[in-house]
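Hi everyone, thanks for coming. Let me put the model on the screen, and then we can walk through it together.

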Amino acid sequence: MPFSLIPDRLYSRYTDLTPRALQELDVRLLLCDLDYTLAPRSVEKPEEELRAWLNACQDSGIIVMILSNNRSSRRVNAFCGDLGISYVGHAGKPGTRGYRQAMEQAGQPPERTAMLGDKLLTDVLGAKRSGILALMVEPLGGPEGAWNHVLHALQSPFKWAAKRRCRNR
């Protein structure tokens, strides 16, 4: 299956992605990365802004699930349990197994599914490989550590291309 590393849409943060925009894209299942996408890694409990956004999505008929590569399920389990949403841990992004598992669990096909994440080489690549809409955000709290700074710098040309593509629509 041919694919591109350019995200389908680019947002400053998750709250810029509205339930109405998701409905216009015919998205029924929104898979979200947790760390740096919905909360900085240092934030242990969901904030009210996230709860309000999730409630708005759910009220609009959109299923929201977490798709995480976290090595330990403790953080994801606690975070999702507090929010009352499902997750697929040890997802193996950019592999397709976790994406397929989440879609099967939610009963949604790829054409009605989107992935929201902050990393090109895991979230976006995995979404493209899975045949779903790839939505990208800037990392919440900024990238931490030298390796994340390098990764996010390498993503710049792809983000630029995504912005340009969206402007031309």
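Let's begin with D33, which counts as buried because its relative accessibility is 9%; buried here means under 20% relative accessible area, exposed over 50% and partly exposed in between, with a 1.4 Å probe and protein chains only. Before I go on: this is a predicted model, where local features need pLDDT of at least 70 and side-chain atom pairs count only at pLDDT 80 or more, while totals for chains, interfaces and linings use all residues. Residues are numbered from 1 along each chain as its sequence is written, and side-chain values use heavy atoms, leaving out hydrogens and water.

D33 sits in the loop between β2 (29-32) and α2; helices (H or I, at least four residues) and strands (E, at least two) are DSSP runs numbered from the N terminus. Its side chain makes a polar contact with that of K93, at 3.0 Å. By polar contact I mean a pair of N or O atoms within 3.5 Å; within protein, one must be able to donate a hydrogen and the other to accept it, and residues adjacent in sequence count only if both atoms are side-chain atoms.

Now, which residues of helix α3 (residues 73-83) are buried? They are R75, V76, F79, C80 and L83. Seen down the axis of α3, these fall within an arc of 110°, so they line one face of the helix; the arc is taken from the directions from the helix axis to the C-beta atoms. R74 and G81, on the other side of α3, are exposed. Just after α3, G84 has a positive phi of about 75°.
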